[in-house]
Amino acid sequence: MSESYDVVVIGSGPGGYVCGIRCAQLGLKTLVVEKGELGGVCLNVGCIPSKALIHASKVYAKAKGGAHLGVIANDIRVDVPTMIGWKDGIVKKLTGGVGMLLKANGASHRMGTAKLAGAGKVAITDADGKTAVIGAKSVVLATGSTPIQIPFLPYSDPDIVHSTGALSLQVVPNHLVVVGGGIVGMELGGVYARLGAKVTVIEALDQVLPSFDKDLVRPVQSKQKKLGVSHLLSTRVEAMRREGDEIVLSYSGKKSGEVRCDKVLVAVGRRPNSAGLGLETVGITVNKSGHVPVDAQQKTSASGVYAIGDLVPGPGLAHKASKEGEVAAEVIAGHPAAMDAVIASVVYTDPEVASVGPTLRELKAAGRKVKVGKFGFGALGRAMTADATDGFARVIGDAETGDVLAIQIVGAEASELVNEAALTLEMAAVLEDVGLTVHAHPTMSEALMEAAKAALGEAIHAINR
């Protein structure tokens with residue numbers, strides 16, 4: 001072997017490149033290998049481009065619906081190619097920044113397909129098909145995940161897309177059917193509904209966004225219904241056929257029938273990219289879902305091999321992957337570290353949904369005695385002035401100790417407010433800590449203070465119950 005590194009990171013998504021940077025900062029000779037584009041799914045075809053289109057569609061919807069504020073926008077229209085171009089420009093800037101950050105921190109990166117080739121070895125195949133085996137004292141697997149495909153809804157059909165294709169449509173569909181009412185389906189379905197498409201969401205479970213409490217989801221469903229979105233719950237797509245330019249989907253369950261459309265977005269989850277990594281050469285076995293099991297230090301069953309991000313069990317979140325990358329780097333460098341951080345979950349619908357900690361239904365199912373405080377944005381001055389009164393904030397504390405167990409938000413800027421919520425849990429705050437913290441007025445974050453006070457029976461701007 002002509003080359004050897006302290007650490008080789010396979011994959012450059014938000015887990016991989018962060019891990020590579022941190023390893024280099026800690027004095028480790030580091031190489032990051034990427035077979036696609038630097039930044040992985042998140043920066044190229046996931047988090048960043050989707051949020052760009054979500055924002056653009058919300059700007060259009062607000063301008064179009066501003067008459068009650070005295071904002072009259074005549075002849076407003078959507079230029080989809082320009083919108084897509086703006087989104088692509090953001091992606092290009094951020095992915096280019098990843099390479100600069102790696103270099104600035106002393107980490108090397110290389111384009112190619114990498115896999116384990118036995119203990120302490122990594123095989124890298126370049127674009128010309130040439131393979132080189134290099135030495136690695138430690139390897140971090142950060143290969144991410146791929147959208148799941150339904151056999152009778154092939155992505156080879158140009159009118160059937162997964163999340164990547166949905167981010168590059170050049171024309172707003174007349175009727176978009178979204179198969180799967182999870183985060184991706186509800187976010188991207190909302191984009192095209194705001195841009196003028198008829199949207200039908202088909203979800204196999206009894207609610208959309210099933211990982212959240214039902215009352216957090218209701219404001220989102222209500223807002224989408226006003227846009228004309230239909231939600232078919234407890235319903236499964238059974239078959240697809242073509243009739244001319246139309247796609248006809250047959251469904252059954254709580255309701256049965258057919259729906260005709262011109263585009264289908266399949267958003268039924270993602271599968272970890274664990275195949276073809278050479279795991280068998282070091283004795284690693286994946287679990288039933290294809291994930292690589294790890295401990296709290298991101299160690300796999302093979303000495304010197306770590307795994308992070310969508311490749312390991314847990315929610316497929318970019319910020320989780322980044323933290324796991326930092327933990328793996330710290331452990332490799334010999335520092336004490338473990339993955340025990342509070343991880344927030346965010347949905348960029350309209351209104352947004354965000355939470356930290358268990359759901360209320362999970363706490364009740366576990367028999368926990370809790371104090372619950374809720375404050376609606378409809379009673380919040382800043383929300384009124386921002387024309388954003390949908391939703392509420394909820395703070396849940398332990399009935400005996402007052403420890404804050406969970407915070408949930410549905411409403412405008414929930415994605416920003418949840419970071420205060422995460423800090424609250426990370427610092428093991430009690431309800432009094434949140435209630436006694438003076439929040440600037442008028443702000444959206446006052447809802448967290450008010451909700452904490454409501455849990456204590458000390459609400460000022462809501463009736464105590």
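User: What makes a local feature or a side-chain atom pair count here?

Analyst: Since the model is predicted, local features need pLDDT of at least 70 and side-chain atom pairs count only at pLDDT 80 or more, while totals for chains, interfaces and linings use all residues. Residues are numbered from 1 along each chain as its sequence is written, and side-chain values use heavy atoms, with hydrogens and water left out.

User: Why is a set of residues called a nonpolar core?

Analyst: The name applies because its members are buried Ala, Val, Leu, Ile, Met, Phe, Trp, Tyr and Cys residues joined through side-chain atoms within 4.5 Å. Buried means under 20% relative accessible area, exposed over 50%, and partly exposed in between (1.4 Å probe, protein chains only). The largest such core has 37 residues, and Tyr192, Val199, Leu265 and Val353 touch the most other members. Among the elements supplying at least two residues each are helix H3 (47-64), helix H4 (80-104) and helix H6 (183-194); helices (H or I, at least four residues) and strands (E, at least two) are DSSP runs, numbered from the N terminus. H6 gives the most, with five residues.

User: Which residues is Val353 in contact with, leaving aside its neighbours within four places in sequence?

Analyst: Contact means heavy atoms within 4.5 Å. The partners of Val353 include Leu209, Phe212, Leu216, Val220, Ile409 and Ala414.

User: How do you know that Lys374 lies over the face of Phe392?

Analyst: A charge sits over a ring if NZ of Lys or CZ of Arg is within 6 Å of the ring centre and within 35 degrees of the ring normal. Lys374 is at 4.1 Å from the ring centre of Phe392 and lies over its face. The charged end of Lys29 likewise sits over the ring of Tyr5, 4.9 Å from its centre.

User: What makes the bond between Asp350 and Pro351 cis?

Analyst: Its omega is about 0°. Pro351 is in the loop between strand E18 (345-347) and strand E19 (352-356). Another cis peptide bond joins His441 and Pro442, with omega about -5°. Most peptide bonds are trans.

User: Why is Glu413 called partly exposed, and why is Ala428 called exposed?

Analyst: Glu413 has 40% relative accessibility, so it counts as partly exposed. Ala428 has a relative accessible area of 58%, so it is exposed. Neither is a glycine, yet phi is positive in Glu413, at about 65°, and in Ala428, at about 55°.
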